[in-house]
Amino acid sequence: MSVSAVFVLDLKGKVLICRNYKGDVDMAEIDHFLPLLMQQEEDGLLSPVLLHGTVHFLWIKHSNLYLVATTNKNSNASLVYAFLYKLVEVFTEYFKELEEESIQDNFVVVYELLDELMDFGFPQTTDGKILQEYITQEGTKLEVAKSKVPTTVTNAVSWRSEGIKYKKNEVFIDVIESINVLVNANGSVMSSDIVGSIKLKTMLSGMPELRLGLNDRVLFALTGRDKGKTVTMEDVKFHQCVRLSRFESDRTISFIPPDGESELMSYRINTHVKPLIWIESVIEKFSHSRVEIMVKAKGQFKKQSVANNVEVKIPVPSDADSPKFKTSTGHAKYVPEKNLVVWTIKSFPGGKEFLMRAHFGLPSVENDELEGRPPITVNFEIPYFTVSGIQVRYMKIIEKSGYQALPWVRYITQSGDYQLRTNT
Amino acid sequence: MPYLGGEEAVKELRRALSNPHVQADHLRYRNTILKVIRVMSQGVDVAGLFSEMVKACATVDVVQKKLVYVFLCSYASLNPELSLLVINTLRKDCQDPNPMVRSLALRNMTNLRLPSLVEYVEQPLMAGLRDRAACVRRVAVLGWAKLHNLQPHTDIDAAVVNELYSMLRDGDPVVMVNCLRALEEMLKEEGGVAVNKAIAYHLLNRLKECDVWGQCEVLRVLQRYRPQTEEELFDILSLLDPSLLSPHVPVMAATLGLFLSLCSPGLPAVSMAALERTQGPLLAACGSASQEMKFTALCHIQLLLRSLPGLMGAHYKRFFCGYAEPAYIKQRKMQVLVELVNDDNVGLVLDELKGYCTDVSPNTAQAAISAIGRIGRSYSDRCLEILTGLLGLKQEHITSVVVQTMQDLVWVCPQCSDSVCEALGGCEDTLQDSQGRQALLWLLGVHGERVSGAPYVLEAFVEQVRSELSAGVKTELLSATMRVFLCRPAETQDTLGRLLHYCIEEETDMCVRDQALLYYRLLHCGIEETRAVLQGRRSDPSLGVLIGRPAEPVSQWASSFNTLEPLRQGDAGTHSAAQGAPNHVTLDPKPSIDLCDPLNSSQDGGETLNRALPPAAAADSVSLLLPAPYAGLLAPCSGGSQLSLSLSPALSPEEFECLWLGGLQDPHAERGAREQKEEEDCVCVQESVRVSFVPHRSSPRGLQAALKLVNIQTMAFTPPHTLPWRVYLYTHTRWKSPIPSPPCEDTQTLVLGELLYTGGESGRVEDKDEKREGGEQRKGGSEEGRVKVTVKQQPRDDEAMRGFLLVLNATLHTVSSS
């Protein structure tokens, strides 16, 4: 792994905060970072690894910050990126929004975190939940910090500390599936997959033992025992709290949950699902005079379900003017700064079909800049529905004290990267 | 950025820090320190406050301690004496009942990075190793590595090393992993942690307890373990099998890396099976939310494809580009797509690539067009159709790349030339950049008889030659006009005359002028002579194999798997580009490190190389980043080291003669014992290179310049037009590691060489006893000559010798390729 130093820079390349872990790379090397980045960007050869002399910069960008790791060894690149993303994750847990201002407002905590996250270029304690126990925001602002060692540093259950108390014991389970679709201009589905996740919001006292029951169909898919009718799930990931051995032996998902919000499991289904909202578009461009757009949206899901907050975003030429719209439902709006028409339909029942027409004028002097052909994108949300058919059958909560706790379940299917290419 | 009030602020802070009232109120005191740190992060130099801050670290407030330590560690190196004062407080803190304070003190003690303090740090560190609290042990273990890093040349205390080895059995997994890390660092010179059977089993058993980072570390260290029996090996493999499908990309990659290093020497089938199994996770990584992870995964897939060409063929759609993806991802994806093309998916892939050709970013568009060109080597008809269609768009940058791509395509697929010639008409008006125009001129020159308007296009070029800035275009124009003149003299004579006149009388660029003069004199020699020189090969179909090329063994790249290396720019791109032609150093002209460009038909070899070489490489010592097949061939063990040639130290003619003659004599004849030993290190190799020109008639300057560019010095040569024709040359070879790592093998060898050309007859005789050279050469025309190369090397290094011969071959081919 071996990261020599970590820097947080603003967009102008000024160092906001840095931490020299190994001392084998000159800290002044970072001054070369931004010029190098700008130059590569200009040449169109930008890449996430920059090289200056013998120093490699591995960098990521988050809102208005660059997070840069320097190394002069043949380090493991994927691990370094994983660490940088971990940094973002931990900082975000602390400051809600990670950006220039939050770094400047909280630089003490940032220094403390950098100290705990890594030592001598090796990641140490990176679990946000544990870190939050001994580096507390209040501690740095008002009182003397807690000086007792958090139990979790040495605990067997590293993701949950003891002595948590709630008045009302509840668990919220969110089953969320997002759909990624890429449809070609001629209407053929190029790729489609579903990324699903089960998220927990745990508000339970003590050290509860939870057992989650899923419907058989999904369980078979998860364990890959039934290759026939069911969908196959790929990349099933469980939170570290799930006892994998137990799952493999008798297919029960049992765990001691982390407190607060966490992702219990995630999976991906790579199968050809019918795109839930199908878009047919005709975009006709008459040079020097006008653009005419006709978009038909069709809900290809069960009649009982309703898609909410559907937004169809249709690209228009950047020099278009005087928009006119006609919609069979919902309303359309022209967003000139993004060169888009956004057609919003608050509720879209399954099996229905809606139509929108738009008309734009084009200037007689043509814009000779080459423009890309952005795809049509769709955002939507369908509650009480999952494409994979995953269902939570039960959630058993057992705790020593024997309290009664309530599990709540919610299902949502939403759009992920949902793109339909256009002809013009 | 010290802003204007910087000094004032420092004074103010000093006053506040030494104010007893502030010191009494710990909240105010802490806030003042906070201000100091804030000012420090803003870039103001607050080193002057060091002594005040030293005092501030004696406090019970942990946060204040942390802040002061941040300050102290940043400025300790400027104040080594004052830092001594801190040590006392730190040592006291090491006795604190609170383990957090103890670990904090230990960590910062070792972070001061002052060699003078080492003696004070050792004792608390030793105590730290035996501390009750795991968090202190974690810090103490790494502390030893830090100390060693500070004084890398001092002897390592064997007791500490033993202690660290025994602490591998520590109950806390992070302590265990930190022990591994520390030992790796401290025992770097001995090759890192010694992994015996007991340690290996212990690590394997505890793998599951570690976090992601720890698992990667353990898996990497285990790469060094060599199981004794096959049974043991399989036990380990089946234990690790679940990790192959780990949802964490780094863990999956580390496991795969371990599989490869355990299996690749003896069990290629197992490593192949592991690669097949990791397809899913790798593909998932290609679709991960983070662009950088995607990029890393793509680079590694390119690496895998070198050994498993068909891998992921069924999933080619995953490599289609999204609209908003950054250009670096798109380019890598296209490179992968090219590798995955087969009869079933070629239509869809080409349709997709065609869509990218009109991308707003010119770089992406170019990459897409070249990708189509590369697919065109196998599916020429469909690709040509697309490329011709793109010319119709009349977009400047697209046309330029399309013409260059067509140039490449014609070179490897001669059957395409008809359709290319048809498509060329009219695109001269759209072309603006010099590379595009050079490509067009080359095509017009070589296939002039088939492009009806060729002479007239050239005429238009010649009319504007005065305002032409690029020397490359001018030399290309000269060659093209000469060639067209040979096949269509009536239409071109006048144009050629004007061009030659301009170039000889008015041109200021010496290369262009020399070339014009050369052609002029050549024309004096007679038309047949000119034809012999100018009409060389028009294509080299052997370069075009895209499908069915041999897969590389996994071991060639296994050592660089899961490191930074596959990500390095242009690297993987060149590898994949290089695969098209396993037998040539000269490949696709696109990648930046081609030594020579077969398409450049210019007579002046020096100029050719100049254009083909990237500016960086043309610098002092030319690093020969050999393309993949060679890099592997040259450096099976050193994991991608490169061979570089250099001219220094220079040899005087006398020294050269002495060395050369000494070597040519029988090594055992009348030599002293010492010298004899030296002689045995020498090696003398004879080889013959087929060249398609008549070396003794060409300009020696061109050859000399060309060789100089690849850092081979010509010592002496016979004047032109004499037989036998000889050239003496020398160079030094050296291995260079691409990534600064332990200064690896600095072995330098001296190479002396002689090129001998005796005329056509003797070449043919030699042909018969030259058997092992079969792969190196291709059947050529009858007027080709052979140059006999005799090379002497000292000390012997076969790899370097092979590398040198490749470079020499490539250079000779380039010079002779017109």
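Is the crossing of α6(B) and α7(B) left-handed or right-handed? The legends below, which describe a predicted model, begin with that crossing.

**View 1. Two helices of chain B pack against each other, helix α6 (residues 80-93) and helix α7 (residues 99-111).** The crossing of α6(B) and α7(B) is left-handed, and the two helices pack at an angle of about 145°, with their axes 8 Å apart. On the side of α6(B) the residues that take part are B:I87, B:L90, B:R91 and B:D93, and these meet B:V101, B:R102, B:A105 and B:M109 in α7(B). When the residues of this contact are divided by kind, 5 are nonpolar and 3 are charged, while no polar residue is found among them.

**View 2. Chain A and chain B meet in a contact that takes 80 residues from chain A and 75 residues from chain B.** The size of an interface is often given as the accessible area lost when the parts come together. For chain A and chain B the buried area is about 6,500 Å², and carbon and sulfur atoms give 57% of that area.

**View 3. Salt bridges and polar contacts cross the interface of chain A and chain B.** The rule finds 6 salt bridges across this interface, including the one that B:R107 forms with A:D115, in which the closest N and O atoms are 3.4 Å apart. Across the interface there are also 21 residue pairs in polar contact. Helix α2 (residues 77-95) of chain A, with 8 residues, gives the most to the side of chain A that touches chain B, and the residues of that side divide into 36 nonpolar, 24 polar and 20 charged.

**View 4. A salt bridge joins the side chains of B:E12 and B:R15.** The distance from N to O in this pair is 3.7 Å. Because B:E12 and B:R15 are 3 residues apart in helix α1 (residues 6-18) of chain B, they are separated by about one helical turn. Over all chains, a search of the whole structure finds 43 salt bridges.

Note on methods:
Residues numbered from 1 in each chain as written. Chains lettered and ligands numbered in written order. Predicted model: local features only at pLDDT ≥ 70, side-chain atom pairs only at ≥ 80, totals over all residues. Heavy atoms only, no water. Contact = heavy atoms within 4.5 Å. Buried area = accessible area lost by both parts, 1.4 Å probe. Salt bridge = Lys/Arg side-chain N within 4 Å of Asp/Glu carboxyl O. Polar contact = N/O pair within 3.5 Å; in protein donor to acceptor, adjacent residues only side chain to side chain. Helix = DSSP H or I, 4+ residues; strand = E, 2+ residues; numbered from the N terminus. Nonpolar A, V, L, I, M, F, W, Y, C, P; charged D, E, K, R; others polar. Axes fitted to C-alpha atoms, helices over the stretch in contact; angles between N-to-C directions. Left-handed = near helix turned anticlockwise from the far one by under 90°.
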